[in-house]
Amino acid sequence: MRHTLNLDGFFYFLFSTDLNAPIANKVHQDMSSPLSNYFIYTGHNSYLTGNQISSKCSDVPLIKALKRGVRALELDLWPNSTKDDILVLHGWAWTPPVELIRCLRSIKDHAFSSSVYPVILTLEDHLTPDLQSKAAEMIKETFGDMVYVPESSCLKQFPSPEDLRYKIVISTKLPKEKLSKKDKDSESDVSGKASSHASTEQADDEKPEDRTSECNLSIGDSEFDQEFRVGGILTYKLLIAIPSGNAKNGLKEALMIDTRGVRRLSLREQKFKKATEIYGAEVVKFTQKNLLRIFPKASRVNSSNYKPFTGWMYGAQMVAFNMQGYGRALWLMHGMFRANGSCGYVKKPDILMNLGPDGQVFDPKAKIPVKTTLRVKVYMGNGWDSGFQQTCLNTRSPPNFYARVGIAGAPGDKTMKRTKKRDNSWEPLWDEEFAFKLTVPEMALLRVEVHDYNMPEKDDFAGQTCLPVAELRSGVRSVPLFDCKGESLGTVRLLMRFQFV
């Protein structure tokens with residue numbers, strides 16, 4: 001009997017999130033394709049601790065994001081009041097700044113704590129040429145050989161995540177040799193203070209980036225070191241591995257394929273929506289070779305987020321989120337990047353990369369036939385009595401739990417269903433099954449939420465998770481739950497079964 005598995009041991013195995021997890025916890029996708037072939041875990045204003053207007057700027061959110069697996073961070077660079085040093089802050093707002101050098105050092109210390117694949121630093125540059133040179137010195141001195149410096153900025157395709165293991169990649173607009181009067185005027189407000197909400201909206205909508213990606217000089221590592229010692233704008237320019245731009249000359253021109261080299265395009269969420277309505281096919285084609293970054297609208301002052309599938313369904317790699325926020329949109333972001341071992345890079349499905357016989361691309365709005373059906377059975381849950389703050393629930397009586405289970409993804413796949421509530425139980429037994437017909441299972445996420453029925457007041461939140469459908473392990477699995485900010489609830493988990501038919 002000592003060598004057999006008794007009932008208690010079998011129960012322990014079933015509920016072990018380590019031994020019986022719903023998805024694999026290792027990198028399993030091909031990592032040798034260009035960066036443009038992957039969705040990239042991307043942050044927006046990654047240095048803010050809270051809202052977009054008055055919260056503190058700090059390196060702490062950068063560290064938290066890197067530990068979670070975020071691979072693309074944004075830093076807004078501004079001169080200090082004496083124009084002899086560089087600060088990171090949200091321009092045209094009242095956010096107390098943090099020194100650039102502190103951010104860089106923290107990024108270096110934690111860049112690869114959760115993933116070996118490259119960290120992309122997107123810089124919103126409001127610097128003078130002298131300070132651009134100083135920024136280049138800081139970057140080179142801090143990161144050293146970790147900085148990826150391409151032999152030419154006119155890359156025909158991006159290197160792969162595998163090529164860039166343990167590398168820091170810089171992405172920003174290419175510097176101008178001479179600043180125009182308009183540029184100088186925009187940089188005169190070194191404090192970054194806002195005069196009105198209208199100026200915030202306008203300034204944040206017109207990110208100071210050019211659409212063009214003129215070629216840099218081809219240069220080897222040894223020549224780079226020589227140029228670095230000389231200093232100047234040329235050095236700063238050489239650090240830019242991924243040149244960026246926006247659509248100030250119109251969406252049609254911005255989405256044109258540049259035969260000289262690949263680049264990154266940045267669009268605010270409203271402008272991206274307009275692009276998909278008018279140039280949907282062009283957006284998908286653009287993202288097959290180039291990088292597309294979408295960022296939240298300026299009115300999201302409370303650091304809320306938009307629906308990420310609006311970008312992913314068109315192939316946008318860098319759907320930039322306010323990681324310091326919370327809510328269902330952020331839960332979907334967490335769920336997407338639990339895929340592929342939580343390494344921060346998820347391979348885009350073939351439907352977004354392939355061309356049809358007549359050159360047509362995937363159309364998210366088209367009616368798509370059902371490919372498969374996912375059956376999900378929710379057996380029971382436990383752990384709330386020991387691993388959950390009971391003050392979050394109705395303390396007058398044991399909870400009346402119910403579960404919500406559904407799909408996020410393609411328009412035809414989105415749905416949400418609900419179990420019956422189980423009264424007065426810390427270990428609810430539901431034993432209910434749901435079937436989900438999927439047209440694009442490669443992109444689908446399974447949504448799970450648990451709530452405590454609390455009529456006539458608002459139901460209490462009791463945990464959630466999102467899981468990539470394509471990575472679900474068939475059979476009975478233990479599914480860990482997380483709080484509203486995506487942090488683990490410890491021992492709180494559900495026992496569920498997954499089956500594809």
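I started with Tyr166, which is partly exposed, with 43% of relative accessible area. A reminder to myself before going on: this is a predicted model. I looked up where Tyr166 sits, and it's in the loop between α4 (129-143) and β6 (168-172). Its phi is near 60 degrees, which is a positive value in a residue that isn't glycine.

Next I checked Ser303, where phi is also positive, near 65 degrees, and again the residue is not a glycine. I found Ser303 in the loop that runs between β9 (291-295) and α11. Is Ser303 buried or exposed? I got 1% relative accessibility, so Ser303 counts as buried.

The one from Met455 to Pro456 is cis, and I noted an omega near 10 degrees. I placed Pro456 in the loop between β16 (445-452) and β17 (460-468).

**Cysteines**

How many disulfides does a search of the whole structure find? I wrote down zero.

Cys57 has 2% relative accessibility and counts as buried. Cys466 is buried as well, with a relative accessible area of 2%. The cut-off I used for buried is under 20%.

**The second largest pocket**

Last stop: the second largest pocket, which holds about 690 Å³ of space. I looked up the lining and got 26 residues, of which Lys307, Pro308, Phe309, Thr310 and Lys414 are the closest to the pocket's centre. The elements giving two or more residues to this lining are α10 (269-287), α11 (309-312), α12 (328-336) and β13 (401-408).

Which element gives the most to the lining of this pocket? I noted α10, with six residues.

I finished by sorting the lining by residue type. I have 13 nonpolar residues, eight charged ones and five polar ones in the second largest pocket.

How values were computed. Residues are numbered from 1 along each chain as its sequence is written. This is a predicted model: local features need pLDDT of at least 70, side-chain atom pairs count only at pLDDT 80 or more; totals for chains, interfaces and linings use all residues. Side-chain values use heavy atoms; hydrogens and water are left out. On a 1 Å grid over the protein atoms alone, a cavity is a set of points where a 1.4 Å probe fits but cannot get out, and a pocket is an open set with protein on both sides within 12 Å along at least five of seven lines; lining residues have an atom within 4 Å of a point. Grid points are joined across faces, edges and corners, and a volume is the space filled by probe spheres set on the points. Helices (H or I, at least four residues) and strands (E, at least two) are DSSP runs, numbered from the N terminus. Ala, Val, Leu, Ile, Met, Phe, Trp, Tyr, Cys and Pro count as nonpolar, Asp, Glu, Lys and Arg as charged, and the others, Gly among them, as polar. A disulfide is a pair of cysteine sulfur atoms within 2.5 Å. Buried means under 20% relative accessible area, exposed over 50%, partly exposed in between (1.4 Å probe, protein chains only).
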